[in-house]
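Hi everyone, thanks for coming. Let me put a model on the screen and walk you through a few parts of it.

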Amino acid sequence: MVRFSLATPDANKGYMNVIGLLGKKLAIYLASVLTTYLLATAAASLHVASRLASMGVKLDLAGRLSMILQDIAGMAGMFLPLIAFALLIAFVVTALLVYLLRRGRIPLYVLAGAAAMLALHFAMNAVFGLTAVAVARSTGGLLTQALAGAVGGFVYVYLNRRFGERIIDTVDA
């Protein structure tokens, strides 16, 4: 029995390569989002713990770790999707900038992650009329949130260099 197919084996192989590439890119993006979320949430939890300590509440290491884990679980429904959206916008714009400038991949993605977190907190403040994450009420707290975004941007670049494939062409950083 002879089977006829409109798709050649090479076409099917190319299709699978595209799916694999997109899967890798999605996994790399999600790893950077998760890194940013975990660091930002841990910073927020530790900020609250230090404020509690300044009021006389004693928290040991186990108590602080418990707070962090509870905040990671509790903030995931609201804060995690907002971070994912902010980083998505930042990384798409940065990809365009890197393509146009042909250099500066690492510093641009690090800056994009930091800017995404700052923009996220400023936008939440503008929309809700309050600071939704307590750590962002101070300059130092905002900087820790920006640092979490910067680390997420670095993770994105690092993992892309390590595991990703270039879609358009190679650009030296």
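I'll start with the core, then turn to one helix and one loop.

A word on the source: this is a predicted model, where local features need pLDDT of at least 70, side-chain atom pairs count only at pLDDT 80 or more, and totals for chains, interfaces and linings use all residues. Residues are numbered from 1 along each chain as its sequence is written, and side-chain values use heavy atoms, with hydrogens and water left out.

The largest nonpolar core has 29 residues. By that I mean buried Ala, Val, Leu, Ile, Met, Phe, Trp, Tyr and Cys residues joined through side-chain atoms within 4.5 Å, with buried being under 20% relative accessible area, exposed over 50%, and partly exposed in between (1.4 Å probe, protein chains only). Among the members that touch the most others are Tyr 29, Phe 91 and Leu 120. Helices H1 (9-54), H3, H4 and H5 (139-163) each supply at least two residues; helices here are DSSP runs of H or I, at least four residues, numbered from the N terminus. The largest share, 8 residues, comes from H3.

Leu 120, leaving aside neighbours within four places in sequence, is in contact (heavy atoms within 4.5 Å) with Phe 79, Leu 82, Ile 83 and Ala 86.

Now, which residues of H2 are buried? Gly 63, Met 67 and Ile 68. Leu 61, Leu 69 and Ala 73 are exposed on the other side of H2.

Finally, have a look at Arg 102, in the loop between H3 (79-101) and H4 (105-128). Arg 102 is not a glycine, yet has a positive phi of about 65 degrees.
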